[in-house]
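Welcome! Please take a look at the sequence and the structure first.

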Amino acid sequence: MSPERISPPPRPAVLGIPRALIWGYVGVLLFMIGDGVETSYLPTYFKTDLGFAEASVGVVFTVYGVTAAVGAFLAGGLCDLWGPRRVMMAGAGCWAVCHTLMLAVAVPAHSYWLILITYGLRGFGYPLFAYGFMVWIMAGAPERQLGKALGWFWFCFTMGYPVLGSVLVSLLKPAIGFYGTLWVSLAMITAGALVVLLLLRDRAGFQGLSRGPERAGLSRTFMGCLTVMFARPRVGMGALVRLINTTSQFGVWVFLPLFLVDRIGFSTQEWASLLIVMMVSNLACVVLFGALGDRWSRRRTVAWLGGAVSALACLALYYVPETVGHDYPLVAIAVGALGVGMAGYVPLPPLMTAQAPERKGQVMSAYTLGAGASMALGPLIGTVFLGVLGIGGVLGIYAALHLLSTVLVLRMKTPAPRPESGGPTPAVHAEPEVTTGGVR
């Protein structure tokens with residue numbers, strides 16, 4: 001009888017990135033650079049170069065925001081059915097086709113309706129690609145490294161979209177114009193998709209995540225993406241926590257400059273540099289806090305370094321400039337604290353999928369639904385309450401929401417594994433707290 005074959009041990013991670021998934025991170029970085037090229041200038045291009053009215057430009061970006069939010073919600077459910085690899089390729093294909101039609105047909109014709117359709121439909125592209133890979137990470141990364149693996153995902157996402165994408169357009173636009181730069185963004189998208197298609201070979205992403213009795217048809221899968229938040233209430237709590245995570249960020253981007261520039265006396269250039277401080281502080285902490293969640297506690301990391309720090313930062317954004325006036329270093333510390341607090345929420349997805357591990361794709365749809373909805377909720381809160389409560393009251397609402405997220409996440413206990421044989425289901429227990437010496 002031949003000796004039993006022993007599987008080789010898994011190769012060690014590279015800086016916390018699972019080796020089997022490393023090309024996926026490269027692909028997401030390239031893709032998000034291409035997607036971020038337009039962020040700093042496209043509204044101006046539509047208005048100034050193409051002559052569209054400001055309200056019409058607003059409609060274009062509103063439609064884009066809606067389709068992006070829907071795409072974010074669909075990503076997890078489609079990963080259950082198709083597998084993350086096919087979802088990512090569908091997102092890249094949607095982005096490339098719609099962008100090409102916009103540049104080759106709609107823009108030369110100065111057709112507002114064609115731009116509205118092509119750019120609006122392109123909104124499905126980036127969330128299917130990026131969040132499809134996030135689900136792939138949840139399926140393929142070792143459980144003990146999920147926090148750090150997700151931290152690197154958000155590092156690549158953020159480094160590509162608002163940071164390197166803006167740098168690329170600033171370098172290329174003077175030489176080849178913005179229209180030419182938009183064609184370069186298509187090349188970056190194509191490069192990112194080809195990296196994933198040809199080099200990312202981890203088998204966890206090649207087939208649908210739902211198998212056996214949990215596998216359902218298209219309509220039942222997407223219905224399950226909604227019902228899972230009620231069937232497993234802690235999944236719904238996690239979706240609410242994710243909604244709160246970036247609600248303050250999107251609100252601050254809109255309303256804080258009205259306070260700092262118009263009332264306190266900061267220049268628009270100083271405000272732009274404060275945004276850089278926020279993003280750099282966030283980038284500096286996403287991997288660190290992901291690793292901390294893996295080694296210490298995911299619940300505690302999200303609750304205290306995410307919720308509590310973000311709440312204090314929101315209050316500081318009002319009371320620091322209100323007290324000290326135009327003091328750039330102190331205000332920069334407050335702004336940087338919000339970037340740190342947003343990074344504290346990185347370990348949330350493993351907490352949510354632990355509540356329903358057999359429905360990971362649907363759980364991740366609940367997570368990304370919260371992410372998409374925050375883009376609307378943050379500005380909406382400011383719009384409704386700014387005239388009544390002032391900027392201090394609006395930031396106070398954001399702070400209260402972050403404190404609510406702290407309470408919610410501390411209640412997200414990790415269910416004990418179900419027994420293989422018959423018998424009662426074990427009671428829910430607290431997440432084990434991990435130290436360098438093991439579990440305690």
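Where is the place of D202? D202 sits in the loop between α7 (146–199) and α8 (218–231).

## Before we start

This is a predicted model, in which local features need pLDDT of at least 70 and side-chain atom pairs count only at pLDDT 80 or more, while totals for chains, interfaces and linings use all residues. Residues are numbered from 1 along each chain as its sequence is written, and side-chain values use heavy atoms, with hydrogens and water left out.

Helices are DSSP runs (H or I, at least four residues), numbered from the N terminus.

D202 is buried (under 20% relative accessible area; exposed is over 50% and partly exposed in between, with a 1.4 Å probe and protein chains only). D202 has no salt bridge, a salt bridge being a side-chain nitrogen of Lys or Arg within 4 Å of a carboxyl oxygen of Asp or Glu. The nearest side chain of opposite charge is R203, 8.1 Å away; here Lys and Arg count as positive and Asp and Glu as negative, with His and the chain ends not counted.

What does the side chain of D202 make a polar contact with? Its partner is the side chain of W136, at 2.9 Å. A polar contact is a pair of N or O atoms within 3.5 Å; within protein, one must be able to donate a hydrogen and the other to accept it, and residues adjacent in sequence count only if both atoms are side-chain atoms. Beyond its neighbours within four places in sequence, D202 is in contact (heavy atoms within 4.5 Å) with A20, L21, W136 and G140.

## A kinked helix

Now follow α7, which has a kink of about 120° centred on I176. The bend at a residue is the angle between axes fitted to the seven residues ending there and the seven starting there.

## Charged pairs

Side chains of opposite charge can pair when their charged atoms come close. The count comes to seven salt bridges. One of them joins R122 and E38, with the closest N and O atoms 2.8 Å apart. R122 lies in helix α5 (residues 112–122) and E38 in the loop between α1 (22–36) and α2 (42–49), so this pair ties together parts 84 residues apart in sequence. R122 counts as buried at 1% relative accessibility, and E38 is buried too, at 7%. D35, E38 and R122 are linked in a network of salt bridges.

R298 forms a salt bridge with E143, the closest N and O atoms being 2.5 Å apart. R298 is in helix α11 (residues 298–324) and E143 in the loop between α6 (125–140) and α7, 155 residues apart.

Key: Helix = DSSP H or I, 4+ residues; strand = E, 2+ residues; numbered from the N terminus.
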